[in-house]
Amino acid sequence: MKLLTYDSGSGPRCGVLSEDLVIDVTALLGVERTLCDLQALLELGDSPIERVREALASDIAAPAVPLPMVRLRAPVLQPPTVRDFFSYEGHASGQGARELHEAWYRLPIFYFSNTLRIFGHEDVVPVPSATDRLDFELELGCVIGREGSDIAAADALDYIAGFCIFNDFSARDLQFDEMAVGLGPAKGKDSATALGPWLVTTDEMAPYLRNGRLQVNCAARVNGDVWLAEGDGGAAHHNWGDFVERASRDSRIVPGDVLGSGTVSGGSVPEAIARGIDSARYLQPGDVVELEVEGIGTLRNTLGPKAFVDPDYRYKPK
């Protein structure tokens with residue numbers, strides 16, 4: 001199934017896509033409180049995805065709206081946490097330009113991103129005012145469906161509700177400044193993460209899952225120009241089981257948490273420049289970024305204007 005968060009004019013609601021119709025999950029399940037996003041559905045417990053599947057099969061009457069008539073929101077509007085991993089060697093090494101520390105191969109390493117700056121499909125993403133090097137990052141994402149702690153990698157898929165596309169917008173000049181002093185990434189990743197266009201449930205993505213990795217083709221386009229045609233989603237060094245195990249060890253994951261795979265090799269601006277893509281450059285206001293993943297769909301965002309431009313801003317990278 002494809003589960004989503006949508007707005008048809010009366011606020012966000014959780015929906016399920018049936019052919020080209022978005023069906024309201026609140027009415028489909030007959031629950032009392034409005035389910036405003038996918039997280040609210042997952043928090044119901046008692047196998048909520050299976051309950052949606054059974055309700056669809058039983059032809060229960062529920063309001064439905066044609067997909068082109070709704071605004072798609074991020075599947076989870078404000079995740080409890082966003083952990084973004086770093087699992088593709090080509091990207092991590094700058095396509096072999098630098099040697100990776102042995103810890104990269106040994107550990108699934110992640111950073112925490114900003115849960116207050118989540119954007120959905122077709123949302124306008126503002127350009128951070130202090131950066132001149134805004135990058136996109138083509139990643140795979142998953143949403144956690146069950147609470148747990150100290151989960152073994154072998155059991156991880158039981159905790160993943162499904163998968164989406166994850167665009168980690170990154171202010172590279174800010175990021176490199178802060179990481180030069182041994183902390184971060186933080187401010188360089190503070191402005192925007194886009195998720196969507198919906199969540200494809202784990203059972204539907206099962207044909208692509210091999211050795212705990214999604215063997216999917218990934219593509220990136222900017223203003224219609226192809227900057228990456230055949231990114232290999234299955235080339236991750238660590239897999240989804242490793243991510244869930246690492247995130248939950250001595251900690252806790254809950255419904256609605258988001259995990260990112262890290263950037264698929266080739267899925268960023270510097271990598272497109274290095275491959276000799278003529279139009280490749282850092283992102284600017286007005287650019288349209290499209291990320292496409294086999295089995296999931298396309299996540300599209302337009303870059304909005306900078307919020308303000310202050311030439312004397314003292315925290316702007318030199």
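A pocket is an open set of points on a 1 Å grid over the protein atoms alone, where a 1.4 Å probe fits, with protein on both sides within 12 Å along at least five of seven lines; its lining residues have an atom within 4 Å of a point. This is a predicted model, in which local features need pLDDT of at least 70, side-chain atom pairs count only at pLDDT 80 or more, and totals for chains, interfaces and linings use all residues. Residues are numbered from 1 along each chain as its sequence is written, and side-chain values use heavy atoms, with hydrogens and water left out.

**View 1. The second largest pocket and its lining.** Pro 128, Ser 129, Ala 130, Leu 174 and Lys 187 lie nearest the centre, among 19 lining residues. The space amounts to about 390 Å³. A volume is the space filled by probe spheres set on the grid points, which are joined across faces, edges and corners. Strand E9 (124-127) and helix H6 each give at least two lining residues. H6 has the largest share, with 3 residues. Helices (H or I, at least four residues) and strands (E, at least two) are DSSP runs, numbered from the N terminus. The lining has 11 nonpolar, 3 polar and 5 charged residues. Here Ala, Val, Leu, Ile, Met, Phe, Trp, Tyr, Cys and Pro count as nonpolar, Asp, Glu, Lys and Arg as charged, and the others, Gly among them, as polar.

**View 2. The largest pocket and its lining.** About 730 Å³ of space lies here. Of 32 lining residues, Phe 86, His 91, Ala 92, Arg 98 and Gln 175 are nearest the centre. Helix H6 (172-179) supplies the largest share, 4 residues. Elements that each supply at least two include strand E11 (137-144), strand E19 (258-268) and helix H9 (269-274). By class, 14 lining residues are nonpolar, 8 polar and 10 charged.

**View 3. Glu 137 in strand E11.** Glu 137 is buried, at 3% relative accessible area. Buried means under 20%, exposed over 50% and partly exposed in between (1.4 Å probe, protein chains only). The Glu 137 side chain makes a polar contact with that of Ser 170, at 2.5 Å. Such a contact is a pair of N or O atoms within 3.5 Å; within protein, one must be able to donate a hydrogen and the other to accept it, and residues adjacent in sequence count only if both atoms are side-chain atoms. Beyond four places in sequence, Glu 137 touches residues including His 91, Arg 172, Lys 189 and Thr 263. Contact means heavy atoms within 4.5 Å.

**View 4. Ser 18 in strand E2 (residues 12-18).** Ser 18 is partly exposed, with 29% relative accessible area. Its C-alpha atom is separated by 8.1 Å from that of Met 1, 17 residues apart along the chain.
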